[in-house]
Amino acid sequence: MTLDPIHVENIAQLAYGIANDVDTSDHEDLSGAVWNDWLTGLHRDGRTVIEPVGDHALRRVSIDDVALAGRPFETTHGLDSGTINPTTFKNGLVVDVAHAAMAAEPTDLDLHRDRTIVATVHSGDSTSGFDGDWTERDEGHTRQRVLHAPRVNRYAESVVHALALYLAEGTHALDHADRVEDLLVLDGPIYPKELFTWEDRDPELGELAREAKPRAVVENYVRLVERFVERDVPLAGFVKNPSSRTIVRTLARKGFEPPWPDDTALFTALLERHEDGERVDAELTYTTWFHSRGGADRRMSADADALGVDRELDPALYEPTYAIIYDPRTDVTYKLEAPYAFTRDADLREALIRQALADVATTRGPPAAVKKADELARISTGEKTALRRKFEERFDSDQQATYDDHRWGKTNY
């Protein structure tokens, strides 16, 4: 049954009532005050969680001009990892499979063929053992393994997903680091931030994060930073859907009532420009760079211990830094991340932001190499269904179905 026209109108009336109670006219002034008074150095619990790297300014650039300008980096490599999503079976196993790929711009077909595949398995039976060594297939172009996830009473799906995703991504990046000549851009953050949130979500997950297998996943990313610093090749991350709440949460604790649900909404308010009531869509707007030491980023700050992983360089060099880019044509806000090891150099951080601006201007989205990597690593809906069927056959056990599976046609009966 669908909504009748009268129901649609009644719901619209609710929206009108909400709108009448919300005054957004002062949000621009509020965002400007936050930028000028708080983001020059935001403190929480005696620590500086947000502060500028160098200049503190809001900037803009003509989309046409930056799209036609020369790129600071001649070649770009992108890297991504896709999964089938956690799947629970009636025999008690919870499984996720991740598939990582690296892409190059200009295209390198031989590189695109290489893949890293990880299947992570959680079992409620403590006597089970599924760990396997890395094996090679497809004439050496594919490396794959099975990882037995540490046992947890809750969050098994979150655990298998994070371990599969980040082990595949981090391993593939390390294995192919030497193929990158100018710049590597990860599709997403530069560190396994989902894993970093475990300590805040649940005490059991917090303890698990420091066990050998999760710590080994984090170590891959630490070694990746060190490898790229050693090679003098920059490493960055392009976050398409940033969701941090470090700034708004810190402001709320200080008695400031932020009207924005997350940091992305705050930066959008700062960067979106209007003239005569219309959004200006001929220019990309962006921020200069910030140190980030709050939220999930706290794990990699200089005064934290990186979940127990040894860091061979000055710990401050691993700290995440970021800049924000807003594209008015699509009304989308992006985050560009890089370790401080690279953004401490003023010329290099300017080159990184100019490269990202040129890519966004040209593609109306992520850099072309990142988009290619996403396409290579993505596992389609049909492929996910087929793979789950293969697991059912091998396990001789059906997936644990839910009513929503039946309702929305996620499972064939």
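Proline 86 counts as partly exposed, because its relative accessibility is 25%; in this scheme buried means under 20% relative accessible area, exposed over 50%, and partly exposed in between, with a 1.4 Å probe and protein chains only. The structure is a predicted model, in which local features need pLDDT of at least 70 and side-chain atom pairs count only at pLDDT 80 or more, while totals for chains, interfaces and linings use all residues. Residues are numbered from 1 along each chain as its sequence is written, and side-chain values use heavy atoms, with hydrogens and water left out.

Proline 86 sits in the loop between strand 4 (76–83) and strand 5 (87–88). Helices (H or I, at least four residues) and strands (E, at least two) are DSSP runs, numbered from the N terminus. When neighbours within four places in sequence are set aside, proline 86 is in contact with Val95, Asp96, Glu157, Val160 and His161, where contact means heavy atoms within 4.5 Å. Its C-alpha atom is separated by 9.5 Å from that of valine 121, a residue 35 residues apart from it along the chain.

The protein chain contains 16 helices and 17 strands. Its radius of gyration is 23 Å, close to the 22 Å that the globule rule gives for 413 residues, so the chain is as compact as a globular protein of that length. The radius of gyration is taken over C-alpha atoms, and the globule rule is 2.2 Å times the number of residues to the power 0.38. The C-alpha trace spans about 65 × 65 × 45 Å along its principal axes. Of the 413 residues, 49% are buried. Among contacts with a separation of 6 or more, 72% are between residues 24 or more positions apart.

One pair of helices can be followed in detail. Two packed helices are described by the angle between their axes and the distance between the axes. The axes of helix 10 (residues 246–253) and helix 11 (residues 263–271) come within 6 Å and cross at roughly 95°. Helix 10 is therefore roughly perpendicular to helix 11. Axes are lines fitted to C-alpha atoms, for helices over the stretch in contact, and angles run from 0 to 180 degrees between N-to-C directions. Angles under 35 degrees count as roughly parallel, over 145 as roughly antiparallel, 65 to 115 as roughly perpendicular and the rest as oblique. In this contact, Thr246, Ile247 and Val248 of helix 10 meet Asp263, Leu266 and Phe267 of helix 11. The residues of the contact divide into four nonpolar, one polar and one charged; Ala, Val, Leu, Ile, Met, Phe, Trp, Tyr, Cys and Pro count as nonpolar, Asp, Glu, Lys and Arg as charged, and the others, Gly among them, as polar.

The backbone also deserves attention. Most residues other than glycine have a negative phi, and most peptide bonds are trans. Aspartate 45, although not a glycine, has a positive phi of about 55°. This aspartate lies in the loop between strand 1 (42–44) and strand 2 (47–52) and is exposed, with a relative accessible area of 60%. Tyrosine 155 likewise has a positive phi, near 65°. Its place is in the loop between strand 9 (142–148) and helix 5 (156–175), and at 24% relative accessibility tyrosine 155 is partly exposed. A cis peptide bond, with omega about 5°, joins glutamate 105 and proline 106. Proline 106 belongs to the loop between strand 6 (94–105) and helix 4 (109–113).

Two further residues complete the tour. Arginine 349, in helix 13 (residues 346–363), is buried, with a relative accessible area of 13%. Leaving aside neighbours within four places in sequence, arginine 349 is in contact with Val53, Gly54, Trp289, Phe342, Thr343 and Arg344. Aspartate 182 is found in the loop between helix 5 and strand 10 (184–187) and is partly exposed, with a relative accessible area of 24%. Not counting residues up to four places away in sequence, aspartate 182 touches Phe73, Glu74, Thr75, Val233 and Pro234.
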